[in-house]
Amino acid sequence: KSNLYRFTKRCVKLAKRVVDNPSESAPPEGGGRFAEWTMVSLHCLRFHMEKSYRVTLDYLKEMPRICREIGLSTTDLPHPSTLCNWFGKIKIAAVRLFLCLSSSDKDERNVAVDSTGFDRDRASRHYAQRANYQVRSLKVTTLVDTDTLSVVDVHCTTTKKHDTKIGEQIIKRNADDLLSVAGDNGYDWQQLRDELRSCGVRPLLKHREFTHLDKAHNARMKDDDYNQRWMCETVFSNIKRTLGKAVRARLWNREFREIILKAAVSKQSLEAHKLRL
């Protein structure tokens with residue numbers, strides 16, 4: 001079995017767990033609509049192949065085995081505009097659940113937090129001027145499980161919100177499942193440390209060294225634990241090399257969905273490759 005087939009099979013299995021009606025017929029019946037799990041699987045394939053809507057469907061027309069896995073025949077595939085319009089209607093809760101299920105099932109995790117940028121320069125200059133499209137990059141902050149390299153959660157913004165505020169938001173949302181959080185100096189905020197300790201989470205966030213007390217706090221952190229924050233860079237590098245360093249969507253709410261699905265797709269691609277080995 002090919003990597004693409006194994007990847008598709010894993011995505012279909014997860015997609016059926018995040019939709020309301022997993023037993024829904026894949027092709028539209030009696031003038032209805034395509035099944036949600038089928039459309040989620042198609043978008044995962046689109047990101048995995050890093051192709052446009054039209055080119056993805058053109059490839060799938062030559063892949064009957066992959067189409068059967070998502071419940072369709074090569075003649076039942078949706079129109080590119082249908083696939084595009086549906087992507088803006090997917091529930092954020094469903095996308096987040098897909099990401100959650102794609103990561104490991106551990107109850108307690110050691111995580112690292114960091115941020116990176118994804119280009120938003122796919123839009124033409126004419127569109128950018130007409131839509132007041134001024135911000136040319138998307139700031140993405142992730143929590144990464146340092147043991148499995150799974151993306152636990154994602155935060156996206158087009159604003160200049162400080163790392164400490166973003167870190168507080170994304171960490172508190174997952175605090176019940178965390179053992180420790182490692183981050184660089186950008187997340188140096190005493191209030192964040194206090195909040196983590198109150199939740200029973202060990203903060204591995206180094207202090208900026210202005211006094212001897214700051215140096216003493218940093219010396220107490222074991223290098224082997226603190227240096228796990230570099231796992232975030234590994235995940236960012238893998239996503240950008242395999243799935244692209246730019247988002248294709250133009251609207252920020254679609255870009256948010258795209259980033260979450262890319263994080264999930266990256267993990268499923270690695271798992272499909274491991275099954276081959």
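Trainee: Where is His79 placed?
Mentor: In this predicted model, His79 sits in the loop between α4 (64–69) and α5.

Trainee: And what does His79 count as, by relative accessibility?
Mentor: His79 counts as partly exposed, because its relative accessibility is 46%.

Trainee: Which side chain does a polar contact join to that of His79?
Mentor: The side chain of Ser81 is joined to that of His79 by a polar contact of 2.9 Å.

Trainee: How far apart are His79 and Tyr5 in space?
Mentor: The C-alpha atoms of His79 and Tyr5 lie 22 Å apart, with a separation of 74 residues in sequence.

Trainee: Changing topic: what is the volume of the largest pocket?
Mentor: The volume of the largest pocket is about 320 Å³. Its lining comprises 16 residues, of which Arg33, Glu36, Trp86, Lys89 and Ile90 are the closest to the centre.

Trainee: Which elements give two or more residues to that lining?
Mentor: Those elements are α2 (36–49), α5 (80–87) and α6 (92–102).

Trainee: What is the lining like by class?
Mentor: Nine of the lining residues are nonpolar, two are polar and five are charged.

Trainee: Now the cysteines. How many disulfides does a search of the whole structure find?
Mentor: The search finds zero disulfides. For Cys44, the nearest cysteine sulfur is that of Cys11, 4.1 Å away, and a disulfide requires the sulfur atoms to be within 2.5 Å.

Trainee: Is Cys44 buried or exposed?
Mentor: Cys44 is buried, since its relative accessible area is 0%.

Note on methods. Residues are numbered from 1 along each chain as its sequence is written. This is a predicted model: local features need pLDDT of at least 70, side-chain atom pairs count only at pLDDT 80 or more; totals for chains, interfaces and linings use all residues. Side-chain values use heavy atoms; hydrogens and water are left out. On a 1 Å grid over the protein atoms alone, a cavity is a set of points where a 1.4 Å probe fits but cannot get out, and a pocket is an open set with protein on both sides within 12 Å along at least five of seven lines; lining residues have an atom within 4 Å of a point. Grid points are joined across faces, edges and corners, and a volume is the space filled by probe spheres set on the points. Helices (H or I, at least four residues) and strands (E, at least two) are DSSP runs, numbered from the N terminus. Ala, Val, Leu, Ile, Met, Phe, Trp, Tyr, Cys and Pro count as nonpolar, Asp, Glu, Lys and Arg as charged, and the others, Gly among them, as polar. Buried means under 20% relative accessible area, exposed over 50%, partly exposed in between (1.4 Å probe, protein chains only). A polar contact is a pair of N or O atoms within 3.5 Å; within protein, one must be able to donate a hydrogen and the other to accept it, and residues adjacent in sequence count only if both atoms are side-chain atoms.
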